[in-house]
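User: I would like to learn how to read strand pairing and overall shape from a model. Can we work through one case?

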Amino acid sequence: MKRSASFLLVGLLGLTLAQGVRNLGMGGVLLPGPGAQAANPAYAAFPGKWDGEGFQVPVGLLRFLPFFADTSPFAYFTDPASFRNNFDFLSAYDQATHLGSFLLNPARSPDEVVFRISADGISITDGQGRSLMPSFQAGVAPDKPSAFTPQPFLPLRLDLGPGTYLSLGPFVGSEGLRVAPNPDLEQAMREGSFDRCKASTPSPCALEAQGSLTSGISVALGFSTPLPEIPGPGRVYAGVRGEGFYGLGYAEASAKARPTFDQDGNISGVSYEARYFLSYPSYLEGSLGQGGGGGGYGLRGDVGLAVDGGDWALGLGVQNLLGFSQWSGVEVTLVDGAETSRSATTRKSDLSAPIFTLNGAYRLPLEVGELLLAADSRFGATAPAFHMGAEYRLGMVAIRAGFGVEGGLRLGLGAGFNLEALSLDLALTTHEAPLVGGTVYGIAMAVRF
């Protein structure tokens, strides 16, 4: 038995900055150098011999033009009927978190969640019988606000002296997305029986989803410098950065889908519960009128070290080593689409939720051409991620390939062409579609004149 229901995750239109096309062609690996200073402030003064490329064309923005009704919220103003029939929150989230690539087949939200029992055990599928991923997480688990904010979009940077800089810019992004069965449902799936899910009403078994969206204006003051020369493997660089923000909006939502049972103990449908928190500056309350007026602010500190060993490089960055953020707004709960409570609430972050990034590269000269190998790892207060990639360069041409694990398996293929008047980088990217699984393909491009 099943019950159809609209399965819409919150509108997580996280306009995150894209990775470089060279990185994408190498499976998403983070190369040492100034392009990685957001993850490691020591890289601000690091030699740029590892990560150079041209201007990345944000081709993913094309999918927010109104004639792409599945991913563009602006289609609501140009063709409301097409928007209602085609717009998909998960597709928009998928494209918005991969702005550097034009996604050929962004993830599509399932029309329904179906709990099934078969000889093979318990499965969770969509209305067409396709399996939903039992567990998925990207970014910071959004169970509370974080002082860690997305990298600013097109920031204004001022050099204040040797190794010292001030950066100002707006940011809009998703802190993260998480979908997973709770412990009771996970155990029931292992046992292949729904008996434990019938123990009480509502059922203790649930498929849970969480997501968040944050926006604001950030100001960062950073300092990076090479340390005094000491005998050893290479030149060591150190960096620190303090970053504060004024919040323009924050939305956090969680949802649960629980199986329901008839009097005979058979599955009769699905019950949905949702909670969301909404915050924005008080001066917008008059126009928005949702009770979320209050706004937010925050401050955090990052540190990093990096080593340039000539033919190799290695770095360790720690973001959000210390930090604090606070948002004031309204919290609303709903059960099967009906609002059950609404209250003014203040949400605060932890004082420390560090995110560690370790990355390195090695350049290997060959008899014909040159080979670059690189790898990175990201862990801490975020979903673990790992990438590895390679680049073979021969004259004006570079061939790239790599893979990574970041909310699922991702692959990359790329090529670079360094002509006299033009440098062009292209990449074919893949990543695991959030929630629904399957492979999403994208195309990325960068140019330099």
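**Pairing around strand S20**

Analyst: Strand S2 (residues 102-103) pairs with S20 in the antiparallel sense over two bridges. The model is a predicted one.

User: Which residues make up strand S1, and in what sense does S1 pair with S20?

Analyst: S1 covers residues 55-57 and S20 covers residues 439-448; the two are antiparallel, with three bridges. Here Phe-55 stands opposite Val-447.

User: How many bridges join S19 to S20?

Analyst: S19 (residues 423-432) is joined to S20 by 10 bridges, and these strands also run antiparallel. Six residues lie between S19 and S20, which form a hairpin. In its turn, Leu-435 has a positive phi of about 70°.

User: What should I expect of side chains along a strand?

Analyst: In a regular strand, side chains alternate between the two faces of the sheet.

User: How many helices and strands does the protein have?

Analyst: There are six helices and 20 strands. Among contacts between residues at least 6 apart in sequence, 63% join residues at least 24 apart.

User: What does the radius of gyration say about the protein?

Analyst: A compact globule of 449 residues would have a radius of gyration near 22 Å, so the 23 Å of the protein agrees with that. Along the principal axes, the C-alpha atoms fill a box of roughly 75 × 50 × 50 Å.

User: What share of the residues is buried?

Analyst: Of the 449 residues, 47% count as buried. The protein exposes about 20,400 Å², with carbon and sulfur atoms supplying 63% of that area.

Conventions
Residues numbered from 1 in each chain as written. Predicted model: local features only at pLDDT ≥ 70, side-chain atom pairs only at ≥ 80, totals over all residues. Heavy atoms only, no water. Helix = DSSP H or I, 4+ residues; strand = E, 2+ residues; numbered from the N terminus. Rg over C-alpha atoms; globule rule 2.2 N^0.38 Å. Buried < 20%, exposed > 50% of the residue type's maximum accessible area, 1.4 Å probe, protein only. Contact = heavy atoms within 4.5 Å. Areas by Shrake-Rupley, 256 points an atom, 1.4 Å probe, with all protein chains shown as cover. Pairing = 2+ DSSP bridges.
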